[in-house]
Amino acid sequence: MILGAAGLLAGNAASLLGAHAILRRVGASTGHAGFVAILVVRLALISMAVLLAGCLGILSPLGLGLLSLGALIALLACGEHRHLGALPRPRLPWWIWTLAILLAARLALQVLLSSPHVGDALNYYLPKVAEWVRAAGFTREMGNHPQAAFPAGFELVEAWWTVFLRHDVLIEAAGVEFLFLGAAAVASLGVSIGLPLAWGALAGILYALTPGLYFSATSCLNDAPIAGLIVATAALVVSGAGLPLIALAAGLGLGIKPTYGYAIPGLVLLALFLHARASHAKLPRWVWVGFGSSAAVLGLFWYVRNVVWFGNPFHPLGSAGVFRPVPIQFGADAGSLSKNLLALINVRFSDQAGPYGALVDGIAGWGPVAFALGPLGLVAAWSENRTLRLLALGSGVSLLSVLVLIIHDPWCFKYILFFPAVLVLSAACVASRYPVLIPILVAAAVYQVAGTFVSYDLPAKDIRTLAQQPWSQRTALAFSEHPLPRTAGVVGYFGVDFRGSGDAYLLYGPDFSRRIVYLRSSDPDGLVREMASQGVELLYAVPAVDTDKRTLKEAIGAGKLIPVAGRYYALP
Amino acid sequence: MMRTATKEAGRHEGLVATSGSAMAWMALPAGLLLWRLLTVSPARLVGDWVVILAIFWWVKLVRPKLAVAPAILLGTTTLLLATYVRGHFPHLAAVWGAMR
């Protein structure tokens, strides 16, 4: 574990130093978006490292540790650390630093005490990470859920925070990285629209405190990373960072989730508005080749894999009947736009339909700063601030293009968590100009701080349970509706839980010590045979479709399976 | 365009501007107000954020000097924050209440 922690430290140091070295040599003019650029390149570096290690079968503490150590030694030997002194140090007032440090400390605590608990992550994001860690490389096995084949760019970053320790205690740090990216991007945009640095930084902090974004980031969901990358792309565009760097951010986004692509029209429009400021024409050829190929690999890897494995880059989207229990829209639909827009304006923007949570059930999750000061600030600043106006137009187009492409359901606004950025910036803009509004801004910010301690999907009693566990055994399986009834080294997983209440990932254990066998037989004899041949000691069954329900019922009826407790069964 | 509108409005000492672009900008908040009046129930109308925003927008266009008056900004944002808190606080209280 100590060696693993050392590897993680070396890896993080190498990726940060490497990102700084690359950007120093590129010489791209990123201006005040320099920190955003470093974070984007770092995320690209660690994604590429995990991608490479996964493909080569060295995704282990030793493999990734040696890779990290080698990179760190090479960077230090080249004297890259001597250039760190040239990094700009933002001159911020003490209260901004205090607020930022307190919130960072709270985030660190939330990362340490939390355990993956949201259904989407447990059922189809994280089982992949668990399989990769166990196999020390990428596997064909991804779990039983059809959506497991979706792009896994965020899982690469989650694997980074998991592989070194071979433990998931820090897994939420992956989402927090993107939360920092979003905050840095908003701060950079703030300076771009003419706000003083302190106000820009405050806007960044307020954006990070957007309740839906905050809880998404700390719950292993990939919607906060997408929002962070969309805002980061906008910040890079506005700062004139150049096409290669922007393409890298886009590659990261597309590799995480296609919903990044849904927002591209607005980003393109923003780039067209501001094209004269781009500096990419001056960049050397190796930058175009290096950044372009990295962006292509990061953005296309999973789609190409799906073409090779399933013959469809978007597998299983487009397959008839697959998504009957949980429909996903495939293509544009004007009806969705209308329903989504009306729901946003009439109900969800005010967050009155429910508590804050990672999936923003029935709400927008944008918080009171965006609500009370955002639209008003935008109207007030519209005629006076060209950059904010263009940013708002670009974000508005992105908002509409996302809303036309997503189905209307209670959780659909998790895909538009990038939009509060422009509202928070507008709020900062109007409050900085009219100090009489500062008390209102403070009151709204305090409400958001209070609202982001606990979400409804990880209530205080569950956090207390997690805190009482030793960190090495910390798992949300302890308060699952279906806790493990007894110790078992090999657990079979049968069926698909479309409603998100399955515990697939948690069954591996926080240290990935338990082997999970995904069973796919469609008849009772085959199921039992498979269990016996794989040495399955316990069966966890979540039959959702009729064939699975029938198979399980017949196996129990014939005495071939004995119910143990809840969803668990055993062979006689 | 809005600058034209506010200039026009200012020139007419607060009277509604008459230029084409000014009229177009006036039409937006007016349209929003009309839409809400026709679609939102009277009970919800007072706390409706679109109505509050449209009125602010309208005032800013028609009375540009008044629109930036701190009292109007403070009043509008206070109303919007109160609307938000009134609707969401029961949920926050429930989540915090569950902590005890």
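The secondary structure of chain B comes to 6 helices and 0 strands. Along the sequence these elements follow the pattern α-α-α-α-α-α. The model described here is predicted. Of the 100 residues in chain B, 44% are buried. Among the contacts in chain B with a separation of 6 or more, 48% join residues 24 or more positions apart.

Chain B meets chain A through a pair of helices. The crossing of helix 16 of chain A with helix 6 of chain B is right-handed. On the side of helix 16, the contact is made by A:Gly367, A:Pro368, A:Phe371, A:Ala372, A:Leu373 and A:Leu376. Helix 6 of chain B contributes B:Leu73, B:Thr76, B:Thr77, B:Leu80, B:Leu81, B:Thr83 and B:Tyr84. By class, this contact has 9 nonpolar, 4 polar and no charged residues.

Helix 7 (residues 173-192) and helix 8 (residues 197-208) of chain A pack at an angle of about 145°, and their axes are 7 Å apart. Helix 7 of chain A passes helix 8 of chain A in a right-handed crossing. The residues of helix 7 that take part are A:Leu179, A:Gly182, A:Ala183, A:Val186, A:Ala187, A:Gly190 and A:Val191. They meet A:Leu197, A:Gly200, A:Ala201, A:Ala203, A:Gly204, A:Tyr207 and A:Ala208 of helix 8. The contact of helix 7 with helix 8 of chain A comprises 10 nonpolar, 4 polar and no charged residues.

Two other helices of chain A are mostly covered. In helix 6 of chain A (residues 153-163), 11 of the 11 residues are buried. The buried residues of this helix include A:Glu155, A:Glu158, A:Trp160 and A:Trp161. In helix 10 of chain A, 16 of the 16 residues are buried. Helix 10 spans residues 223-238 and reaches 23 Å from its first C-alpha to its last, close to the 22 Å expected at 1.5 Å a residue. Just after helix 10 of chain A, A:Gly240 takes a positive phi of about 70°.

The largest nonpolar core has 192 residues, and A:Leu236 and A:Trp366 touch the most other members. Helix 2 of chain A (residues 34-56) supplies the largest share of this core, 13 residues. Apart from neighbours within four places in sequence, A:Leu236 is in contact with A:Ala33, A:Val36, A:Ala37, A:Val40, A:Ala241, A:Leu245, A:Ile246 and A:Ala249. Another core, of 13 residues, lies apart from the largest one and has A:Val536, A:Leu539, A:Leu561 and A:Tyr569 among its members.

A:Leu337 was also examined. This residue is found in helix 15 of chain A (residues 334-346). Its relative accessible area is 24%, so A:Leu337 is partly exposed. Once neighbours within four places in sequence are left aside, A:Leu337 is in contact with A:Leu400, A:Leu403 and A:Val404. A:Leu337 and A:His408 are 71 residues apart in sequence, while the distance between their C-alpha atoms is 8.2 Å.

Key: Residues numbered from 1 in each chain as written. Chains lettered and ligands numbered in written order. Predicted model: local features only at pLDDT ≥ 70, side-chain atom pairs only at ≥ 80, totals over all residues. Heavy atoms only, no water. Helix = DSSP H or I, 4+ residues; strand = E, 2+ residues; numbered from the N terminus. Expected span 1.5 Å × (residues − 1). Buried < 20%, exposed > 50% of the residue type's maximum accessible area, 1.4 Å probe, protein only. Axes fitted to C-alpha atoms, helices over the stretch in contact; angles between N-to-C directions. Left-handed = near helix turned anticlockwise from the far one by under 90°. Contact = heavy atoms within 4.5 Å. Nonpolar A, V, L, I, M, F, W, Y, C, P; charged D, E, K, R; others polar. Core = buried A, V, L, I, M, F, W, Y, C linked by side-chain atoms within 4.5 Å.
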